[in-house]
Amino acid sequence: MSPIIEAIREAVIQGQAAVVVEKVQQALDAGESAEIILHQGLISAMQRVGELFEEGIAFVPEMLIAARAMDKALNVLKPHLVEQGVKPVAKVAIGTVKGDLHDIGKKLVAMMLEGSGFEIMDLGIDVPPDRFVDAVREGAQVVALSALLTTTMPNMKNVVEAIQQAGLRESTRIIIGGAPVNQAYADHIGADGYAPDASSAVRKVRELVGAQ
Ligand code: B1M
């Protein structure tokens, strides 16, 4: 790992948002790829923060300030990660399910979808099933659900059921993602697809709406 990427990773772990933003810009200016900065710098740092939390070395405030630093860095990276000026392919309503406050993975998926030509309705975090139903009524053809907690993943099933009960299931494609879920869980709850990361989410949503 190059020294600048190592410095970005360390600054995220320490929650030093201003340093992270400065170093990400320096890395971009030096010709480092946005994907390497994202995966080896930012995502790898958040994985380490998760390990430190499990080991009882970091606590919720440390996770929070690391997440804020990553969020600021994503704003700098965004124009480099996404294609610009692409025509909307379909409308996607994306949100983290009820009870779950994890924002960053969902934001990254939204960003990559937007850059690949999808119109995004970002419903935020802690989103109740009815809000997803409303979004479908407002024109979303795809519902994208994120969950990071084993305790909140069952709320994905509630969204699938709410869309079904509203009589909108046949016209809506539903994709799920987030660390605790997998393809088997998507099949179990009757979702149309699962993606393990942001890039494969774009491929999967394209496939679901029949886009090239
Ligand atoms: Co939380 N947290 N957290 N946390 N947190 C995890 C998820 C945890 C794994 C940490 C750990 O123990 N190692 C653990 C969950 C354990 C479990 O359930 N199995 C955990 C816990 C326990 C908790 C609390 C319960 C802690 C407490 O209060 N005691 C609490 C719950 C609050 C709640 O939600 N109700 C909590 C709180 C928080 C903060 C608020 C402090 C903060 C979030 C701040 C924010 O998002 N603004 C936080 C953070 C930062 C984390 C870790 C450290 C990092 C998450 C992250 O942003 N990763 C996380 C540990 C970890 O992930 N290793 C942890 C970076 C992000 C890019 O990855 O979100 O996985 P990720 O998204 C990926 C893929 O999953 C996928 O693509 C993304 C890009 O590759 N993906 C999709 C995600 N959504 C998708 C949707 C798709 C497709 C792909 O299609 C629709």
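From which domains does the shell around the ligand draw at least three residues each?

Modeller: Keep in mind that this is a predicted model, where local features need pLDDT of at least 70, side-chain atom pairs count only at pLDDT 80 or more, and totals for chains, interfaces and linings use all residues. Residues are numbered from 1 along each chain as its sequence is written, and side-chain values use heavy atoms, with hydrogens and water left out.

As for your question, the shell takes at least three residues from each of domain 1 (3-83) and domain 2 (91-208); those bounds come from an automatic or database domain assignment. There are 35 residues around the ligand, counted as near if one of their heavy atoms lies within 4 Å of it. Glu 54, Leu 101, His 102, Asp 103 and Ser 146 come nearest.

His 102 deserves a look: its NE2 is the only protein donor of the ligand's cobalt atom, at 2.2 Å. Donors here are N, O and S atoms within 2.8 Å of the metal (3.2 Å for Na, K and Ca), and water is not among the atoms, so the site may look incomplete.

Then come the polar contacts, meaning pairs of N or O atoms within 3.5 Å. A backbone N or O atom of Gly 178 is 3.5 Å from a ligand nitrogen atom.

Methods: A polar contact is a pair of N or O atoms within 3.5 Å; within protein, one must be able to donate a hydrogen and the other to accept it, and residues adjacent in sequence count only if both atoms are side-chain atoms.
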